[in-house]
Amino acid sequence: RMPPSVFGALKNYIMGNFFVRVDGPAQVALFAYDNNTFIVENYLPTAADTRVSVLGSAVKLRNIVTGETLTGEAAGGGGGRGGRGGAVAVPRMTFNVHLLPHSYAVFGVEK
């Protein structure tokens, strides 16, 4: 129930250096693994458009189930925590992902 801009600022601070982040409606979940793979799951009864951002400036996403490769756009720094509470710009790539109702997508990060 938090405004997206406030929730996004919190994510930037807490997850700034995490390799993947999802920005989308409530009830869209992220399951991240330590082998550069992750799942985005839509628990909503309607389709959802989400934005996935991944650390790095030249990465692609491969849908592990379908084999489709997504190309992203360079995004600004993802926030992060630097010394003395200052933000450190972290290069990220942003991808648009469309999820059908009650569905999920499995992605691997490729460089």
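Residues are numbered from 1 along each chain as its sequence is written. Since this is a prediction, local features need pLDDT of at least 70 and side-chain atom pairs count only at pLDDT 80 or more, while totals for chains, interfaces and linings use all residues; side-chain values use heavy atoms, with hydrogens and water left out.

**Exercise 1. Find the salt bridges around D23, and say which residues join the network.**

Step 1: Start with the rule: a side-chain nitrogen of Lys or Arg has to sit within 4 Å of a carboxyl oxygen of Asp or Glu. That gives four salt bridges.

Step 2: Helices (H or I, at least four residues) and strands (E, at least two) are DSSP runs, numbered from the N terminus.

Step 3: Now R21 with D23: another salt bridge, 3.8 Å from N to O.

**Exercise 2. Are K11 and R21 buried or exposed, and what about the pair E110 and R62?**

Step 1: K11 has 13% relative accessibility, so K11 is buried. R21 is buried too, at 6%.

Step 2: E110 and R62 make a salt bridge of 2.6 Å, N to O. E110 is partly exposed at 27%, and R62 is partly exposed at 31%.

**Exercise 3. Describe the lining of the largest pocket.**

Step 1: Know what counts: on a 1 Å grid over the protein atoms alone, a pocket is an open set of points where a 1.4 Å probe fits, with protein on both sides within 12 Å along at least five of seven lines, and lining residues have an atom within 4 Å of a point.

Step 2: Count the lining: 20 residues, with F7, K11, G24, P25 and A26 nearest the centre.

Step 3: Ask who supplies them. α1, β1 and β2 (28–32) each give at least two residues, and α1 has the largest share, six.

Conventions
Buried means under 20% relative accessible area, exposed over 50%, partly exposed in between (1.4 Å probe, protein chains only).
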